[in-house]
Structure formats: C-alpha cells, structure tokens
Amino acid sequence: MPDTERADGTTGGGRATGGEHATAGGRATGGEHATSGGRATGTTAADLAPGLAAAAAGVAAAMGRRAVVLVDGRSGTGKTTLGAQVAELLGAQLVHLDDLYPGWDGLRAAADAVVTDVLGAPSGYRRWDWVADAPADRASVDPDLPIVVEGCGALSRASAPLASLRVWLEADDAVRWGRAIGRDGAVFAREWDRWAAQEQAFIAAEDPAALADVVLRT
C-alpha cells in the first residue's frame, strides 16, 4: 500500500546545525532535537519523537484541547515510523491514511476525510479493504483523546488549523523508491507513477511543507 513505510533512516537536513532544542517558531542548528518551527539535522526518528511529542502536548495544554499531530510526506519518507513513535509517547490514537485511501486514486478523498471524518464531528472513518478493492468496516475515533494522523494527505490547508503539531517529511527520490519498493515490491512498483502524480497534485494544491511546524529530511 502507498503509505505503510517502516523506514528507520535518519531525520535531518535543513534549517539546523547546533546543539540546542528548537522551540515553536524558532530555528535550531546541528544535531539537535527539533520540536517545531524548523528543520532538524542528523538525528533519528526515535531521537526526534520525544521532542515532537512534548511540543504537541505543550501546545495542546496551552490551548486547552487534546493533542493532534499530523505527519505528512511522500511515500518512503518514514511517516509511519515517526507517527507510531510520537503516538506511543503521547498515549495517542494512531490513524494510518493507508487505511482510508479508497484505492490507488484515493489520496484526495482521504485528505478530505481527515478533516470531515477523522478530526470532524463523526469522529471515525471508513476503512478500505485493499484485497477486495472495496469499502470495509467503520473505525471509531475518540474525540477527546490525543491523536496522530500519518500519511500523504494528512496535512492540508483545512486540517492544519485543527492540529497541535504539523510535521512534513522529505527524502531524495531514489531513497524513497528504494524504501517503498523494498517494502511493497512489484505491487507498488506498478502503481508508483500513478500514486506519485497524486502526491504531486496534492503538494501543488496544499503546499504542506509551508504549513508544517517542522520539516525533517530522512
């Protein structure tokens, strides 16, 4: 499936080079743990997750609402790994957009469902059965508990205001290809261009990197 990566690559490269912790709206430099407002260099997803979780919890507490973390990026950037680690640290529900995409042409539909269903009043979503290529059961979401949503399409102009922390992951195309195809093999290889076109269209329409509090290179 397009968004089930388990990459363990390093996160880093961008606005950072020093040894301090970046805080909201700021920039850090070096091998630091970025929490928001910049890019981090030379740290692993496991290293970054505690800072990201703490930042999300802090923002949520200040705003008097639950923590909502959106982790976005193209296929093979490590969204699932980072999202799972942040969710565990927050004690949060974890939603994989891979469960929502209604087939290989469903990126936009899943992005809309993040706002209307996952984070909206229904507080749930319809799963997609990839084997049957058909809708499956409905999954419920507790509207009062922290939540992490990971997958390409998680971070849009509509979902950004609903989040405590917004994360965008990047990686070189060759690296992404190696991770994704190494994971999903021929199935994804056949659909790579089809899915990539949707990623590109989503990025062009929403500019998720510009919406992110933190941009990480993996």
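This is a predicted model: local features need pLDDT of at least 70, side-chain atom pairs count only at pLDDT 80 or more; totals for chains, interfaces and linings use all residues.
**Exercise 1. Work out how the rings of Tyr101 and Trp195 are arranged, and where in the chain each one lies.**

*Solution.* A pair of aromatic rings is described by two things, the distance of the centres and the angle of the planes. A search of the whole structure turns up six aromatic pairs. For Tyr101 and Trp195, the centres are 4.7 Å apart and the planes stand at 75°; planes over 60 degrees apart count as edge-to-face, so this pair is edge-to-face.

Now find the two residues in the chain. Tyr101 belongs to the loop between strand 5 (93-96) and helix 3 (107-118), while Trp195 belongs to helix 5 (residues 186-206). They are 94 residues apart, and the pair links distant parts of the chain.

Last, check the burial of each partner. Tyr101 has 0% relative accessibility and so counts as buried. Trp195 is buried too, with a relative accessible area of 1%.

**Exercise 2. Classify the pair of Phe188 and Trp192, then name the aromatic cluster to which they belong.**

*Solution.* Begin with the geometry: Phe188 and Trp192 are 5.1 Å apart centre to centre, with 55° between the planes, and the pair is tilted. Then consider the positions. Both residues lie in helix 5, four residues apart, which is about one turn of the helix. An α-helix has 3.6 residues a turn, so residues three or four places apart point the same way. Phe188 and Trp192 are both buried. To finish, widen the view: one aromatic cluster is formed by Tyr101, Trp104, Trp130, Trp177, Phe188, Trp192 and Trp195.

**Exercise 3. Describe the span and bend of helix 5, and say what its buried residues pack against.**

*Solution.* First, the span. Helix 5 has 21 residues and reaches 30 Å from its first C-alpha to its last, close to the 30 Å expected at 1.5 Å a residue. Second, the bend: a kink of about 55° is centred on Trp192. Third, the burial. Among the buried residues of helix 5 are Phe188, Trp192, Trp195 and Phe202, but also Glu191, Gln198, Glu199 and Glu206. The buried residues pack against strand 4 (68-73), helix 3, helix 4 (173-184) and helix 6 (208-211).

**Exercise 4. Compare the faces of strands 4 and 5, and identify the strands with which they pair.**

*Solution.* Take strand 4 to begin with. Six of its six residues are buried. Val68, Leu70 and Asp72 cover one side, and Val69, Val71 and Gly73 are on the other. Strand 4 runs parallel to strand 8 and is joined to it by four bridges, with Leu70 opposite Val149. Strand 4 also pairs with strand 9 (residues 165-170), in the parallel sense and over five bridges. There, Val69 has Leu165 as its bridge partner.

Turn now to strand 5. Gln93 and Val95 form its covered face, whereas Leu94 and His96 form an uncovered one. Four bridges join strand 5 to strand 8 (residues 147-150), and these two run parallel. His96 stands opposite Glu150 in strand 8.

**Exercise 5. Find the residues that touch the most other members of the largest nonpolar core, and trace which elements supply this core.**

*Solution.* The largest nonpolar core holds 35 residues, and those touching the most other members are Leu70, Leu100, Tyr101, Val118, Ile147 and Val149. At least two residues each come from strand 4, helix 3, strand 6 (124-129), strand 8, helix 4 and helix 5. Helix 3 gives the largest share, six residues. Another core, of 21 residues, lies apart from this one and includes Ala45, Ala49, Leu165 and Leu169.

For a closer look, pick Val149. Not counting residues up to four places away in sequence, Val149 touches Val69, Leu70, Val71, Val95, Leu97, Val114, Val118 and Ala154.

How values were computed:
Residues are numbered from 1 along each chain as its sequence is written. Side-chain values use heavy atoms; hydrogens and water are left out. Rings of Phe, Tyr and Trp (its six-membered ring) pair if their centres lie within 6.5 Å; planes under 30 degrees apart count as stacked, over 60 as edge-to-face and the rest as tilted. Buried means under 20% relative accessible area, exposed over 50%, partly exposed in between (1.4 Å probe, protein chains only). Two strands pair if DSSP finds at least two bridges between them. The expected span of a helix is 1.5 Å times one less than its number of residues. The bend at a residue is the angle between axes fitted to the seven residues ending there and the seven starting there. Contact means heavy atoms within 4.5 Å. A nonpolar core is a set of buried Ala, Val, Leu, Ile, Met, Phe, Trp, Tyr and Cys residues joined through side-chain atoms within 4.5 Å.
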